[in-house]
Amino acid sequence: MPATAHFANPQKGIISGTNPPQYDALSADTTLVTVGIGGNDVGLVGLATSCVNLLPVGASCKAANTAGGVDKYATRIDAFATTYGTVIEQIRQRAPRAKIVMVGYPTGIKGGGCWPVVPVLPQDADYIQANIDRLNARMAEQSAAHGASYVDIRTPSIGHDACQPIGVKWIEGLIPSVVNNSFAPLHPNAAGLAAVVPSIRKVL
């Protein structure tokens, strides 16, 4: 999956081939750049999969990741935050006329979760969402600090999380719905991608 490293470096295709660095698409004529990234850099999908409990009991991934009073994912997200500022400045160097729009992450899972639809314990569902929210907050802060616009997707996606039925949810669960033609767990489906557009338009 794309990560910030692929802005400056080639990315192997999912099936075959190699895509050029994403920065290569920018030029002095570029007028708009939208960026939605960071979750793969900090390992949010890996966090979610590590939280899977096929029975409604068992070890809590929140407990494991906050042992000793240190929240591993919060620390990782905060350390990553300045990368957003670097990305914004790198885009601005290559496309000085462009409006830069940083697109946040949607609501992934409702409060308390929805075991067994998404098979994670309630406290772990809240822990996963808290880290998504933390990443959004760091993105918004860096956007403001570096003169980019930030688009809040978290709010309009409430009620469209992975716990919802097909036709309502905008993000896939740990077992994606083939009906939605999405095979990427915990990523937006077609409806979710389309739903982002109105929020982006509001800032343009």
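**Reading helices, a loop residue and salt bridges**

Author: H5 bends by about 25 degrees at Ala79. Keep in mind that this is a predicted model.

Reader: Which residues of H5 are buried?

Author: Tyr73, Ala74, Ile77, Phe80, Ala81, Tyr84, Gly85, Val87, Ile88 and Ile91. Read that list with the helical repeat in mind. An α-helix has 3.6 residues a turn, so residues three or four places apart point the same way.

Reader: What happens at the start of H5?

Author: Look at Asp71. One of its side-chain oxygens comes to within 3.1 Å of the backbone nitrogen of Tyr73.

Reader: What span should I expect for helix H6?

Author: H6 runs over residues 122-145, 24 residues in total, and should span 34 Å. Its end C-alpha atoms are 35 Å apart, which agrees. Just after H6, check the backbone: Gly147 has a positive phi of about 75 degrees.

Reader: Which residues of H7 are buried, and where do they sit around the axis?

Author: The buried ones are Gly192, Ala195, Val196, Ser199 and Ile200. They cover an arc of only 150 degrees around the axis, which puts them on the same side of H7. Ala190 and Arg201, on the other side of H7, are exposed.

Reader: What covers the buried residues of H7?

Author: The cover includes strand E4 (99-103) and E5.

Reader: Which residue caps the N-terminal end of H7?

Author: Asn189 does. Its side-chain oxygen lies 3.1 Å from the backbone nitrogen of Ala191.

Reader: Which residues is Leu174 in contact with?

Author: Set aside neighbours within four places in sequence. The contacts are then Ala48, Thr49, Val52, Val118, Pro119, Val120, Pro185 and Leu186. Now compare sequence with space. Leu174 and Val45 are 129 residues apart in sequence, with their C-alpha atoms 9.1 Å apart.

Reader: How many salt bridges are there?

Author: The count comes to six. Take Asp78 and Arg134, whose side chains meet in a salt bridge at 2.8 Å, N to O. This pair links distant parts of the chain: Asp78 is in helix H5 and Arg134 in helix H6, 56 residues apart.

Reader: What other salt bridge does Asp78 form with an arginine, and what does that pair tie together?

Author: Arg138 also forms a salt bridge with Asp78, the closest N and O atoms being 3.0 Å apart. Arg138 lies in helix H6 and Asp78 in helix H5, so the pair ties together parts 60 residues apart in sequence. Asp78, Arg134, Arg138 and Glu141 are linked in a network of salt bridges.

Reader: How accessible are Asp78, Arg134 and Arg138?

Author: Read each value separately. Asp78 is partly exposed, at 32% relative accessibility. Arg134 is partly exposed too, at 31%. Arg138 is at 17% and counts as buried.

Reader: Which residue does Asp133 meet in a salt bridge?

Author: Arg154, at 2.6 Å, N to O. Asp133 is in helix H6 and Arg154 in the loop between E5 and H7, 21 residues apart. Asp133 is partly exposed at 27%. Arg154 is partly exposed at 23%.

Technical notes. Residues numbered from 1 in each chain as written. Predicted model: local features only at pLDDT ≥ 70, side-chain atom pairs only at ≥ 80, totals over all residues. Heavy atoms only, no water. Bend = angle between axes of the 7 residues up to and from the residue. Helix = DSSP H or I, 4+ residues; strand = E, 2+ residues; numbered from the N terminus. Buried < 20%, exposed > 50% of the residue type's maximum accessible area, 1.4 Å probe, protein only. Polar contact = N/O pair within 3.5 Å; in protein donor to acceptor, adjacent residues only side chain to side chain. Contact = heavy atoms within 4.5 Å. Arc of directions from axis to C-beta. Expected span 1.5 Å × (residues − 1). Salt bridge = Lys/Arg side-chain N within 4 Å of Asp/Glu carboxyl O.
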